[in-house]
Amino acid sequence: MQRWGLTVPFTGVGLADNEELYRRAEAAGYTDLWSGETNGPDGFSPLTLGAAWTEKVRLGTGVVGVMQRGRALLAQEAAALADASSGRFALGIGASSDRIIEGWNGMPFEKPLTTMSERIDFLRTALAGDRADGGFKLERPPEKPVPIIVAALRGKMLRLAVGKGDGAFTNFLPLEGLPKVTEQLDGAADGFELLCRFFCIPGEREQVEPLARFMFSSYITVPVYENFYRWLGYGDRIDEMVEAWNAKDRERAAAEAPWELIEEMFIFGSPGEMRERLNAFVEGGITLPVITPITTPDRLGELIEDLAPA
């Protein structure tokens, strides 16, 4: 079965007002709802509501950061969501970025690969109901195993996901860069998942370009994403954009954002064109597209149904 997901909560809609859209998505055939965690709600709260508002869809954190949370607290949060959803929960975790950890949270962003590896080991033990490092033991461990999905962009983290995770979650991925990501997944176990978030903006170029340029330049200049694009081989295409951003010239950075890469990464056009583009990523190896519909709140329900699985 082809899984098909949505990012929750929906942009521009208050948490308490998401219920109708959650139910509408489930009725439309979506198999998954995955939360985001940037500067809006935390990754768990929208899924706690989803556990009450839905019956079948899988609920996943997509993703929550491990560096700004204690390891035992993270196990508690995961176990609580697994319990509240009757086992419909998947735990997506990531190292996040230096901008979020150091800049926003005032915490050190050090050894992300080592930290992720250690967190996975701790979580596997704790969520299985065993006593983990430091003596921690869950009062009520999950009845079913909780899949652990690892946010991974480049080679070492992707291979960690293969070695210790049940899947990998990538982001801001151009279609032409997908083969380099899938190459890192050799040796993955049967059932290993490759998730990717897709920003879907209906409309033609002249309608979507200003927003797309802003989003691209503001994200791909974050060091972890800049390094990802350089690893993919796009360094010469983003150099001028990064230089402008670092000079705090946001307008020039957006103007220098390479449109050919924006087109490779974002999902634009009519509903039919967007579905065709999403299917190209699925054919290339994405097992679960996680759609982020970007439109006005009054059009969200319609766009959700337009992009629903066939």
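A salt bridge is taken here as a side-chain nitrogen of Lys or Arg within 4 Å of a carboxyl oxygen of Asp or Glu. The legends below describe close-up views of a predicted model.

**View 1. The salt bridge between Glu-302 and Arg-299**. The closest N and O atoms of Glu-302 and Arg-299 are 3.1 Å apart, and the two residues form a salt bridge. Glu-302 is partly exposed, with a relative accessible area of 39%, and Arg-299 likewise counts as partly exposed, at 41% relative accessibility. The search of the whole structure that covers such pairs finds 19 salt bridges.

**View 2. Arg-58 and Asp-32 in a network of salt bridges**. Arg-58 and Asp-32 form a salt bridge in which the closest N and O atoms are 2.6 Å apart. This pair links distant parts of the chain, with Arg-58 in strand β3 (residues 58-61) and Asp-32 in strand β2 (residues 32-35), 26 residues apart. Arg-58 is buried, its relative accessible area being 13%, and Asp-32 counts as buried at 0% relative accessibility. Arg-3 and Glu-193 join Asp-32 and Arg-58 in a network of salt bridges.

**View 3. The salt bridge between Asp-83 and Arg-140**. The side chains of Asp-83 and Arg-140 meet in a salt bridge with an N to O distance of 2.8 Å. Asp-83 lies in helix α3 (residues 71-84), whereas Arg-140 lies in the loop between α5 (112-127) and β6 (148-151), so the pair ties together parts that are 57 residues apart in sequence. Asp-83 is partly exposed, with a relative accessible area of 39%.

**View 4. The packing of helix α9 against helix α10**. Helix α9 (residues 223-231) and helix α10 (residues 235-246) pack with their axes 8 Å apart and at an angle of about 150°, which makes α9 roughly antiparallel to α10. In this contact, Glu-226, Tyr-229 and Arg-230 of α9 meet Gly-235, Ile-238, Asp-239 and Val-242 of α10. Sorted by class, the contact of α9 with α10 has three nonpolar, one polar and three charged residues. Glu-226, in helix α9, counts as buried because its relative accessibility is 15%, under the 20% cut-off. Leaving aside neighbours within four places in sequence, Glu-226 is in contact with Ile-220, Thr-221, Ile-238 and Val-242.

**View 5. The buried residues of helix α10 and the residue that follows the helix**. Gly-235, Ile-238, Met-241, Val-242, Ala-244 and Trp-245 are the buried residues of α10. These residues pack against α4 (98-104), α8 (205-220), α9, α11 (250-256) and α12 (259-265). After α10 comes Lys-248, whose phi is positive, near 65°.

View 6. Most residues other than glycine have a negative phi, and most peptide bonds are trans.

**View 7. Positive phi values at Ser-96 and Lys-111**. Although Ser-96 is not a glycine, its phi is positive, at about 70°. Ser-96 sits in the loop between β5 (89-94) and α4 and is partly exposed, with a relative accessible area of 29%. Lys-111, in the loop between α4 and α5, has a positive phi near 45° and counts as exposed at 63% relative accessibility.

Note on methods:
Residues are numbered from 1 along each chain as its sequence is written. This is a predicted model: local features need pLDDT of at least 70, side-chain atom pairs count only at pLDDT 80 or more; totals for chains, interfaces and linings use all residues. Side-chain values use heavy atoms; hydrogens and water are left out. Helices (H or I, at least four residues) and strands (E, at least two) are DSSP runs, numbered from the N terminus. Buried means under 20% relative accessible area, exposed over 50%, partly exposed in between (1.4 Å probe, protein chains only). Axes are lines fitted to C-alpha atoms, for helices over the stretch in contact, and angles run from 0 to 180 degrees between N-to-C directions. Angles under 35 degrees count as roughly parallel, over 145 as roughly antiparallel, 65 to 115 as roughly perpendicular and the rest as oblique. Contact means heavy atoms within 4.5 Å. Ala, Val, Leu, Ile, Met, Phe, Trp, Tyr, Cys and Pro count as nonpolar, Asp, Glu, Lys and Arg as charged, and the others, Gly among them, as polar.
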